[in-house]
Amino acid sequence: GGGGGGGGVNEKKKKEKNREAVAEKSVVRLYVEHAMRKSVAMVTTISANPCHLQGYQVIRPYNASTGVTQFRKSLEKAAQNLSSLLHVPADLLTRHVRLSPANAEAGVEYDDTCHGWVEATAPRVAPLAAPAPVSLDDLGIHEGHAWYRAEVTLDDRAVETSSLYVEHASDFVSIYANGCYITTLCPLGNAIDTESKDQHLGTQTSETQDHPREAKESLSTVLRRALRPGRNVFAFRVEIWGHGAFEMPTGGLVNSGLALPALSPRGKKGLCGAAHVSGIPFENWRVRGKLGGEVVADRRYHATDTISLEAKTRKVDGGSSGTGARQGAIALEGAGEKTPMLPLTLTRGAVVWYEASFSGTDLPNRDSLHAPLSLWLSGKNVCATIFLNQQPQPIGRWLSDDEWLHRGTWANPTREMWSYANPDCTPLPMRDLQEKENVLRIVFKDMSSHFDEEPGRVDEVFIALNDDNLTMGTAGDRKTVRAPHISLRDRLSLLC
């Protein structure tokens, strides 16, 4: 009798455990996003048994044949509180900023034998052949930035002549001689030739209303002022803006001396071919990939240069050789109306890291909202590469305007060639944003020419909600507007 009683107790416990297991399985946790462009949220479920969705009204009862139940919920109350939930401070990226220049590589005494630098002189095809640089692709560098350095020994006649020639250059090339910035060109595979009379190469002074030819110095004059008899050190800051996805013709245009843009997957990036100053070839070519300050594969930084900062104009010096600027980065805390961070004016040839720290708590709450964000930039004569939270790969790149893109090529490049969306807008990868501390690192590069009145300038740096196209109106009166794409995140319990 005692054994039978014990069996009854065990059976009762088993039934209780089964009921608990069934109860656990009958509650399903759901994660739902509702587009806030609609006033009503609709949810359709398919289940084996009738179910109930907490907080939702049943509009189509459970169908035993199909297992379908439909629910609805008004979003009007949530929409009323939306504006406060979506606030992004306008000064978010100017509150805590550090500025660090990164063009020490242009200096005369820079040590290009340190870690990361490699020999970049092409093998001679003949015993008397002049030294020539190797393209970045042949060195295994297929994207991003790189620095070339080379030397040339000149006599008085060569200094007076002051002509520069590089047979092939791509994509964007900034030129420094003895630590002095000369100019930036966008050859896209054409030659750099200061003696060329072809207006498309952009090495001559622009003859426009804003830049009358007689009022501006020629590139040869600017170059002559930087050169001296004896040893001269040249630096070339090169940026690759990508290889084409499709095969395209290579070579040059017949009887023109012009090269086709290096857009083919086989197109050579960087510098290659004959390279000389006043007919005297360069020697001791050296190359290093990436800029100073970029995160390399092992998450370390290349070293950065010095900085000087003028409080009123926020003018950042490029740190050329012998400037005597103080070492390290400058931290600017609490930038705003009292200490305006922007506009940020670069000196000619400057490369400057703009490092903005901000908290994820100042952004829309990602637990309750899906609100894509974008970085917005504006300025002139500037190119930028954007990094987020110590990631070695950039999240985007920016070209400030089309004008400097036309300098150095016969082609007619535009910003839209590299961007399908608004060229001033870079979507932020939401998965890479941290809940607390975030660091947005933007490297701004001056792209001004020898005849520009002003160097590069950054006018705006801010984060805003990402806009999408939205079609509104009736069939007879439709129009497309830009509106934020926002979804309400709802955690639900489905009881079956």
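In the predicted model, strand S9 (residues 164-170) and strand S14 (residues 270-277) run antiparallel and are joined by 6 bridges. Within this pairing, Tyr165 stands opposite His276 of S14. Both strands belong to an open sheet of 4 strands, ordered S12-S9-S14-S15 with antiparallel pairing. Strand S12 (192-193) and strand S15 (280-281) form the edges, each pairing on one side only.

The structure contains 18 salt bridges. One of these is between Glu33 and Arg489, whose closest N and O atoms are 2.9 Å apart. Because Glu33 is located in strand S1 (residues 27-35) and Arg489 in strand S31 (residues 487-495), this pair ties together parts that are 456 residues apart in sequence. Glu33 is partly exposed, at a relative accessible area of 37%.

Strand S31 also supplies Asp490, which forms a salt bridge with Lys73 at a closest N and O separation of 3.2 Å. Lys73 lies in strand S5 (residues 68-74), so the contact ties together parts that are 417 residues apart in sequence. The relative accessible area of Lys73 is 26%, which makes the residue partly exposed, whereas Asp490 counts as buried at 13% relative accessibility.

A further salt bridge is formed by Lys445 and Glu239, with the closest N and O atoms 2.9 Å apart. This pair links distant parts of the chain, with Lys445 in strand S27 (residues 437-446) and Glu239 in strand S13 (residues 230-240), 206 residues apart. Lys445 is buried, with a relative accessible area of 0%, and Glu239 counts as buried at 4% relative accessibility.

Technical notes:
Residues are numbered from 1 along each chain as its sequence is written. This is a predicted model: local features need pLDDT of at least 70, side-chain atom pairs count only at pLDDT 80 or more; totals for chains, interfaces and linings use all residues. Side-chain values use heavy atoms; hydrogens and water are left out. Two strands pair if DSSP finds at least two bridges between them. Helices (H or I, at least four residues) and strands (E, at least two) are DSSP runs, numbered from the N terminus. A salt bridge is a side-chain nitrogen of Lys or Arg within 4 Å of a carboxyl oxygen of Asp or Glu. Buried means under 20% relative accessible area, exposed over 50%, partly exposed in between (1.4 Å probe, protein chains only).
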